[in-house]
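Open the model in a viewer and keep the selection tool at hand. The stops below go from strand pairing to a core, then to single residues and helices.

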Amino acid sequence: MFNVGVISAVYDEFFGKTTAEDGSSLESPYWMEGEGTQSFLNFGKDPNESEEREAFTYYTETVDGQEAFRVIYRPEITHAWSHFSARSESYVIDFFERALGAPNPIASDNQIWQWKEAFNAVGLVGFALFICSFGVLLLYTPLFEKLRAPELIKPAVVRDGKGKAMFWLSLLASCAFGALVFLPIMAQSNTMSVSQVMPMGMGIWSTVCGVFAIAVMAICYGVYGKKNGMDLAQAGIKLQARKLGLSILMAVVLVAAGDYGLTKLSDVYYRTVSADPAYRGDYADQQIPL
């Protein structure tokens, strides 16, 4: 029998769903009321014949001569925020401290990983700067110089209130569409016979949103842009077949240099540093008995 703890955010968008007695689907806020949840906290017993159990409480029972506990943590946050929540992290630390113990335990709210995330954000900015700078550099190479514009391209000018209204309405429509179709698409992806339903759902959602955005831009161009002198070729939207092919090749080079080049170098550096005994610290060779 194992100790088991579950973090189930009250407002989780994906998980923590259950079914009511009438067969209707209950969302995450009502997950604690489900028979499966109550059976879990009662160590598999029929919840109708057991006490109703609550979140944030450690329930202990001796099974096959071994004592084990179960607990459900219910922070009032969304699924995504659970990954960046100090509260959720404190629950994880509390669970493992109770289940395994640590050689030198510290308070679960004594966390410094937020600094790491902050520097990760700085790293992402640097990554974006690298992609943009490297892309500009490629435009001055013999292979990609054909993609370089002979002169600075002026952006399309919005001449009146109608143009401004079209601009803001198109943005609002795209945002609203993405929000409305997200959950239905993700729910549909869960029924697919694929090994990675979440990436599949995100990929489908991104594609659908992209197609919708292209349709909105095409409508805006037909209704306003074309009538007000917007030139697709001059704006770099309408490309010759050769330039389109070079653009795709350049995108491949940038992805290879960024996603595979930089990340691979970072991985090699990490493995080199982490192999140093001085980096691993005093507990590198110690094992905690389970």
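Begin with helix α3, residues 86-99; helices (H or I, at least four residues) and strands (E, at least two) are DSSP runs, numbered from the N terminus. This is a predicted model, in which local features need pLDDT of at least 70 and side-chain atom pairs count only at pLDDT 80 or more, while totals for chains, interfaces and linings use all residues. Residues are numbered from 1 along each chain as its sequence is written, and side-chain values use heavy atoms, with hydrogens and water left out.

**Stop 1: helix α3**

The 14 residues of α3 reach 20 Å from the first C-alpha to the last, close to the expected 20 Å; the expected span is 1.5 Å times one less than the number of residues. Select Ser-88, Ser-90, Tyr-91 and Phe-95, which are buried in α3. Buried means under 20% relative accessible area, exposed over 50%, and partly exposed in between (1.4 Å probe, protein chains only). Look down the helix axis: the buried residues of α3 fall within an arc of 160 degrees, so they line one face. The arc is that of the directions from the helix axis to the C-beta atoms.

What covers that face? Among the elements over the buried residues of α3 are β1 (4-7), β5 (66-73) and α2 (79-82), with contact meaning heavy atoms within 4.5 Å.

Now go to the ends of the helix. Ser-85 caps the N-terminal end, with a side-chain oxygen 3.2 Å from the backbone nitrogen of Arg-87. Just after α3, Gly-101 has a positive phi of about 80 degrees.

**Stop 2: strand β5 and its partners**

Select β5, where 6 of 8 residues are buried. On one pairing, β1 and β5 run parallel and are joined by 4 bridges; two strands pair if DSSP finds at least two bridges between them. Ile-7 stands opposite Tyr-73 here.

β4 and β5 run antiparallel, with 5 bridges between them. Thr-60 has Phe-69 as its bridge partner, and Glu-61 stands opposite Ala-68. The hairpin has 2 residues between its strands, and Asp-64 takes a positive phi near 55 degrees in it.

**Stop 3: the largest nonpolar core**

Which residues make up the largest nonpolar core? Select Trp-31, Met-32, Phe-40, Leu-41, Phe-43, Ala-55, Tyr-59, Val-63, Ala-68 and Ile-72, 10 residues in all. A nonpolar core is a set of buried Ala, Val, Leu, Ile, Met, Phe, Trp, Tyr and Cys residues joined through side-chain atoms within 4.5 Å.

Centre the view on Tyr-59. Leaving aside residues up to four places away in sequence, Tyr-59 touches Leu-41, Phe-43, Glu-51, Arg-53, Glu-54, Ala-68, Phe-69 and Arg-70.

**Stop 4: the loop between α1 and β4**

Phe-43 is in this loop, and Phe-56 is in the loop as well. Most residues other than glycine have a negative phi. Phe-43 has a positive phi of about 60 degrees, and Phe-56 has one of about 65 degrees. Is each of them buried, exposed or partly exposed? Phe-43 counts as buried at 13% relative accessibility, whereas Phe-56 counts as partly exposed at 42%.

**Stop 5: Ser-8**

Move to the loop between β1 and β2 (18-19), where Ser-8 is found. Ser-8 counts as buried at 6% relative accessibility. Its side chain makes a polar contact of 2.9 Å with the side chain of Arg-74. A polar contact is a pair of N or O atoms within 3.5 Å; within protein, one must be able to donate a hydrogen and the other to accept it, and residues adjacent in sequence count only if both atoms are side-chain atoms. Beyond four places in sequence, the residues that Ser-8 touches include Gly-16, Ser-28, Trp-31 and Ile-72.

**Stop 6: helix α6**

Finish with α6, residues 197-225. Its 29 residues should span 42 Å, and the end C-alpha atoms are 40 Å apart, which agrees. Select Gly-201, Cys-209, Val-216, Cys-220, Tyr-224 and Gly-225, which are buried in α6. The buried residues of α6 pack against α5 (161-189). Ile-219 also lies in α6, but counts as exposed at 53% relative accessibility.
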